[in-house]
Structures are given as structure tokens and as C-alpha cells.
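Biologist: Could you take a close look at one strand and tell me how it is covered and which strands it pairs with?

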Amino acid sequence: MGQRHAEIAGAGFAGLTLATALCQRGWSVRVHEASPVLRAFGAGIYIWENGLRVLQAIGVADQVLAGAHQAPFYESRLPDGTLLSQERFGTPGRGRMTTMTRAHLYDCILAAARGAGAEIVTGSEAVGADPAGLLHVRGGESRPADLVVGADGVRSAVRDSLGLLAERTAHRDGVIRLIVDRAAAEVGHPVWDSVINFWAPERRILYSPCNHRELYLVLVAKATDAEGVRVPVDRDVWAKTFPVLADVLSRVGEQGRYDLYESTRVTRWSAGRVAVFGDAAHAMPPTLGQGAGCAIMNALGLAVALEETAVIPAALLAWEARERPLTDYTQNVSQRIAQERTGADGRSKWTPEAMRTALHVPTGTQHLAVAPEG
Ligand code: FAD
């Protein structure tokens, strides 16, 4: 068999992880990114044990971990700081939980894709695909490939051109995501080094250190909360709701955007030689912090399936059969937690059911040693 070629729409975490894993298996890969610049949208991100294993398999875990934070605890607190619950991850059987800026994770995966030999074309917008193995790009060009991939996010043109969309919904909660500076006194502090969910009756703030300098804040408010959704953030409104965070909130600048949670579902993950995955196929509320986790697991799982089965449409069906149950499960649990606001009463949401995805050993990572604890 000669060298096989893939055309991928979307240079997000899904597309770039797949590009890396395919190049590492001898494929030639071209990634089309609609934006003129390569960058991650958003502020911070959680990567759990499952995602770290995928990053290790593609050779970037050390770089990622070097610029990430492992919080001593995951806590729930009231707006005045009263502690409701506290858990430790990274202990035997609990897996690692890491937090980092999106920019950092993106830079690491982008460098891996480039290092592995992927060609990445910016300002190149996919407008559709043909199951026979063509990616249609704006401007009229059609690129033939053994494998075509729609990793082009919630508004996926590749998915929609094939009529695969089953459902796209927005939830009642939404978020403003921000990076603010950490104060020197907070770094290494017994409370402020932890990840903390601050719960008010109608609002929530998720506080996540990313490294020594940067703090990821997620301000959660219902779409009907006129003051809560305002951008630039009304610092006084939020400080009044969360007095213990007044100092942190005083560092919030003019940046930010209010986004509703979105979910997508598709009828099938493939049509002929075209695969769709990531937010294009299975976007989910971020309540388990597993949207990108599932995207990168499915990227590696796809590269492995293509190694195992030579006939591409058959490999895509085998990939979906193996990977989709866990993704559907993760999406369902994420959605239920979002609807029920699980954890708002101070009890931990990290039940065995909620931890199943984080503790899953992804396809293509079984050979890796069990992660060091701690
Ligand atoms: P995207 O990141 O959307 O990438 C798609 C790419 O395709 C983009 O670069 C886009 O510009 C490009 N594109 C779009 N259309 C076209 C086109 N027609 N042609 C070419 N290119 C195109 N996940 C976690 O694992 N942990 C978390 O902590 C976490 N927190 C989250 C918090 C919030 C508030 C939200 C909303 C999501 C969170 N997620 C988290 C989910 C995670 O962000 C997504 O699941 C993940 O980024 C999906 O990656 P993707 O590559 O599929 O899509």
C-alpha cells in the first residue's frame, strides 16, 4: 500500500491531534483551517487522566504538563468562602486532573502536528465533502483523499453537507471565560492553589489556576440573567454575589464573551470515506471537562482503527462502534449534570459514574505505563 493521504477540515484540538497521530503512522496530511490565524478560542481547559494518556501517546504530555497546574484539591465553596466539599485527584484510582490555558495546550499540539509533518493551511474554509473521498474548499477547489475529516466544530460544514446532523441544542446556562493574573500571595497558598467551584443560588464561578501567573475564571449565569451575562463583566455585580472573590474579580479586564453551552449529535460518525468527530459530532456541556478529552481520544482511536483495517469505510465503522458508546455516555452525563446543577448543594459531583471517562484507558494508550500518582 502506498502512502495514504488525509484532508482534514478544522485545526482545533480534534483536527490537530488526528493530524499528528496519522502522520506518526506514515500518512500525509493536510489540515484546512478557516481562520487566518492558528489559535485556540477560549481561556482555560481541564485535561484529565484519559486526555493525558492520549497526549503521552502522541508525544506531548511532558511539554503540556510542564506548563500546566495540578491542583491539590477540587473544592466546592459558598460565595463567602465556606468550604462545602473537598477532593483530591491523582491519588491511586482517581487519575490526574490538570488545568492549563488553552493557548498552552494548543501550542503543544500544534507543534506536535507540525513536527510530525502535517501541512496546515490557514484561511482555507471547507464547504462540504463527498463520501467518495473529496473535501470541497471555498473557491471551488475539491481535494481528493483516502480519508476526509470534518473536525470543523459545532457549525461543521462537512457534517451538514452530508446530512449527518441529528441535533444541535443550546442550553439555558452559559459562561464568560476569562484569564486573569494570579497574585503572588495566591501561588502555593493552601486555598488558592486549588480548583474551586463557588456556588451561589443562580450563579457560579469556577476558579482554576493554570500556572504560576495565570488564573482561569468561568462565570456561569443563565441566559435570562441580564446583569450576569453582561460583557465587559460587571465586576461589582459579581463581587457582590461572591464577596470572597472581590480581589480576584477586581483584576478582570474588558475582555470576555458570553457563550451558551451547546450540544451536537449526529446520526453516524462517517459516510463512506468521510469521518466527523469532535464538536462537529459530539459537543457537550463542559460540566465534566471532557469535550476536548473525548475529541482527542477519538482522534487517536481513529488513527488506530485505520491501522487495523485497510478498507477505509470499514475502518470508520469499526472506529465508531468502538469509541462512540463512551462518548455518548459522557455527553449524556454532562448534559444531566448541567440540567440538574449537580453539586450546587455542596455535595461532590465526582461519583464513579462521572469519573468513568477520566479513568478510561483510551484506544492506543494501553501500552503506556499507569500514570505516576501524586
Ligand atoms: P473546535 O475547537 O471548535 O475547532 C474547530 C476548528 O475548525 C476551529 O479552529 C475552527 O476555526 C475551524 N473551522 C470551523 N469551520 C471550518 C470550516 N468550514 N473549514 C475549516 N475550518 C473550520 N473540554 C475539555 O476537555 N475540558 C474542559 O475543561 C473544557 N471546558 C470547556 C468549557 C467551555 C465553556 C466550553 C464551551 C467547552 C469546554 N470544553 C472542554 C469542550 C472543548 O472546548 C471542545 O470540545 C473542543 O475544543 C472541541 O474541539 P474541536 O477541535 O472538535 O472543535
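Modeller: What follows is an account of strand β14 and its two neighbours. This is a predicted model, in which local features need pLDDT of at least 70, side-chain atom pairs count only at pLDDT 80 or more, and totals for chains, interfaces and linings use all residues. Residues are numbered from 1 along each chain as its sequence is written, and side-chain values use heavy atoms, with hydrogens and water left out.

Strand β14 spans residues 203–209, where strands are DSSP runs of E with at least two residues, numbered from the N terminus. Seven of its seven residues are buried, that is, under 20% relative accessible area with a 1.4 Å probe and protein chains only. In a regular strand the side chains alternate between the two faces of the sheet. In β14 one side carries Arg203, Ile205, Tyr207 and Pro209 and the other Arg204, Leu206 and Ser208, and both faces are covered.

On one flank, β14 pairs in the antiparallel sense with strand β13 (residues 195–199) over four bridges, pairing being assigned if DSSP finds at least two bridges between two strands. Within this pair, Trp199 has Arg204 of β14 as its bridge partner, and a hairpin of three residues joins β13 to β14. Strand β15 (residues 214–222) also runs antiparallel to β14, to which seven bridges join it. Here the bridge partner of Arg203 is Ala221 in β15, and the hairpin that joins β14 to β15 passes through four residues.

Technical notes:
Buried means under 20% relative accessible area, exposed over 50%, partly exposed in between (1.4 Å probe, protein chains only).
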